[in-house]
Amino acid sequence: MTQNAIVSKTKSGINRDITVPQKPLAAAAAGGYIPIPRRRVLKNLEINAWVDSMRSSSPTNSKSTSSLAEEHSTWILRHPSALDMFEQIMDASRGKQIVMFLDYDGTLSPIVDDPDRAFMSDSMRRTVRKLARCFPTAIVTGRCKDKVYNFVRLAELYYAGSHGMDIQGPTRTSKYSNKDKGEPVLFQPASEFLPMIDEVYHQLVEKMKSIPGAMVENNKFCCSVHFRCVDEKKWSELAQEVRSVLKEYPKLRLNQGRKVLEIRPSIKWDKGKALEFLLESLGFANCNDVFPVYIGDDKTDEDAFKKLRDRGQGFGILVSKFPKDTTASYSLQEPNEVMDFLQRLVEWKQVSLRLRTRSRV
């Protein structure tokens, strides 16, 4: 026989305890139910929700080949390849200033097991250098700004690290840098959180020692717990350890990316806000003739995709081999396709400049 659980309530109507049936013999003696503290139930529900979210952000190829092919065909109709749609995209940008925003991991470099070895190829670096000569270009990443700069090594770019909480303009003279202000753009809206983030980082390093494969990365204004190399059976334990640290810091919040948990300051700032700030720094705050293009592969890039859609300007490109819920308009499958798209952009710009020069002669 199925019995219903009884929930006791305070006068205010807030649940205090959740009770469940005991074993039949004990139930007769104890009234049939034992109380379980509501806090423990909520903790278990929260951990289960975290683990479910970790799985959803880390899709596996468990579906059949035919099912995957059908799903991908439907998805690609809604988010066609930016390479296939290149001419249409360029037609939409005519007469406008293209501004490029690029994520790093999974976009300019492949996703790797060791985040410290996510190197971009020399050919990708040459392509991004040429891109920056043609258009204002920014790297927008969850990584620490200094770390991603060491990967990219191009001083003519804008860098927005820690999901846009650490922004710096070109340190080398660029025709797209804001020369009117005299100094490079520098913006850090979460500076007050630096000691707290450093404290949390050291606690997480200790906590993760018991979980094989877990890695903790200090990204200056946020901490990243990578679980790409952690056995899925250990994900629940990992989530519990992260929660045990996070609960002591109500001013911090948890976000998720591709097989990574990220602890960030609870401020209203994300990659979408960073995109707006950079456009304003470049003098395009209220311009109708700007065409921002944002390319990224992660859940955190959705804030930027949504911002472009809300502005009704430019478009977002999601980098993914598998169908995902996204507000991006177009798609590319992997970093090699990103490089092909950027090279075509550079070639398009060079041809446009030659045609413009000839028309003036």
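**Entry 1: a loop residue with positive phi**

I began at Arg 153, which lies in the loop between α6 (145-152) and β6, where helices (H or I, at least four residues) and strands (E, at least two) are DSSP runs, numbered from the N terminus. I noted that the model is a predicted one, in which local features need pLDDT of at least 70 and side-chain atom pairs count only at pLDDT 80 or more, while totals for chains, interfaces and linings use all residues. Residues are numbered from 1 along each chain as its sequence is written, and side-chain values use heavy atoms, with hydrogens and water left out.

The phi of Arg 153 is near 55°, a positive value in a residue other than glycine. With a relative accessible area of 48%, Arg 153 is partly exposed; buried means under 20% relative accessible area, exposed over 50%, and partly exposed in between (1.4 Å probe, protein chains only).

**Entry 2: the loop between β6 and β7**

I then looked up Ser 162, which lies in the loop between β6 and β7. Ser 162 also has a positive phi, of about 50°, although it is not a glycine. Is Ser 162 buried or exposed? Its relative accessible area is 0%, so Ser 162 is buried.

Met 165 is found in the loop between β6 (158-161) and β7 (166-168), and I recorded it as buried because its relative accessible area is 1%. Leaving aside neighbours within four places in sequence, Met 165 is in contact (heavy atoms within 4.5 Å) with residues including Phe 187, Pro 189, Phe 221, Arg 264 and Trp 269. The C-alpha atoms of Met 165 and Phe 187 are 7.4 Å apart, and the two residues are 22 apart in sequence.

How do the axes of helix α7 (residues 194-208) and helix α8 (residues 235-246) cross? I found that they come within 10 Å and cross at roughly 150°, where axes are lines fitted to C-alpha atoms, for helices over the stretch in contact, and angles run from 0 to 180 degrees between N-to-C directions. This makes α7 roughly antiparallel to α8, since angles under 35 degrees count as roughly parallel, over 145 as roughly antiparallel, 65 to 115 as roughly perpendicular and the rest as oblique.

In this contact, Val 200, Gln 203, Leu 204, Lys 207 and Met 208 of α7 meet Leu 238, Glu 241, Val 242, Ser 244 and Val 245 of α8.

In helix α10 (residues 302-311), I listed the buried residues as Glu 302, Ala 304, Phe 305, Lys 307 and Leu 308. What covers them includes α9 (271-281), β13 (290-296) and β14 (315-319). Just after α10, Gly 312 takes a positive phi of about 70°.

Gln 256 has its place in strand β11 (residues 252-257), and with a relative accessible area of 10% it is buried. The C-alpha atoms of Gln 256 and Met 54 are separated by 7.4 Å, although these residues are 202 apart along the chain.

**Entry 3: the whole chain**

Buried residues make up 45% of its 361 residues. The chain averages a pLDDT of 85, and 80% of the residues score at least 70, pLDDT being the predictor's confidence in each residue, from 0 to 100. Over residues 1-38 the pLDDT is below 50, and this stretch has 44 contacts in the model beyond near neighbours in sequence.
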